[in-house]
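Welcome, and please have your viewer ready. We will go from the whole chain down to single residues, one selection at a time.

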Amino acid sequence: MNRKSLTSWLPLALFALVLFTPLRPIVLGGLQRGLLATGLWNAAAPATPAAKMPVVLTGGANYPHNLPLVTLDGKAINLSDLKGKVVFVNLWASWCPPCRAEMPGIEALYKKVDHSKIAFVMLSLDDDAAKARKFVQSQGYTFPVFLRTGNLPAPFDSNSIPSTVILGPDGRVAARHDGMAEYDTPEFKASLEQLAKLAR
């Protein structure tokens, strides 16, 4: 291997070293401390109607009744089937390093919430379902993963991933966050649970 090709592979090797070894919490911990002030790391909690929310609201769009999805094993559902629950929708792809980096926190949060009140829709944007399935299985994730069956309507048509949209029980958008975030915090979990209490 010549020096030029070694130099071109070095950044990728360093990134893999950080992402897939015990160095990850050390490096990301420092990154987290640096990003706390910007709000890019800790996800802002979805707000109840009486509280202010420090994230960008999408204008309270109506429930997207026509968002057909399919599970990794081919079962068709529609997002509107989850109306009445708080829905955590995360857009991701197996080829997206920031998506992969935030997934352990999402999995940890998923295991802590009441699934009768809070649903998770991990929406893979992979063109190949086999790649998404292989990645999820290799990591041992248990959250439900879906594939899109067409174009994504607002508020899910993001220009960047990962992107997360929180829907309230009435289907209106409670919060949206574009970019990587840490969702496994007591504050975020409590806010999801508070939002779930608004179900009629």
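Two notes on the model before we select anything. This is a predicted model, in which local features need pLDDT of at least 70 and side-chain atom pairs count only at pLDDT 80 or more, while totals for chains, interfaces and linings use all residues. Residues are numbered from 1 along each chain as its sequence is written, and side-chain values use heavy atoms, leaving out hydrogens and water.

**Whole chain.** Switch to cartoon view: there are five helices and seven strands, taken from DSSP runs (H or I of at least four residues for helices, E of at least two for strands, numbered from the N terminus). Along the sequence they follow α-α-β-β-β-α-β-α-β-β-β-α. Of the 200 residues, 42% are buried (under 20% relative accessible area, 1.4 Å probe, protein chains only; over 50% is exposed and in between is partly exposed).

**Helix α3.** Now select residues 97-112. This helix bends by about 35 degrees at Met103, and Pro104 follows within four residues; the bend is the angle between axes fitted to the seven residues ending there and the seven starting there. Its buried residues include Cys99, Met103, Ile106 and Leu109.

**Phe120.** Centre on Phe120. Beyond its neighbours within four places in sequence, Phe120 is in contact (heavy atoms within 4.5 Å) with residues including Phe88, Leu109, Tyr110 and Phe146.

**Ser163.** Finish in strand β6, residues 163-167, where Ser163 sits. Is Ser163 buried or exposed? Ser163 is buried, with a relative accessible area of 1%. Its side chain makes a polar contact with that of Arg176 at 3.4 Å; a polar contact is a pair of N or O atoms within 3.5 Å, and within protein one must be able to donate a hydrogen and the other to accept it, with residues adjacent in sequence counting only if both atoms are side-chain atoms. Not counting residues up to four places away in sequence, Ser163 also touches others, among them Val89, Leu91 and His177.
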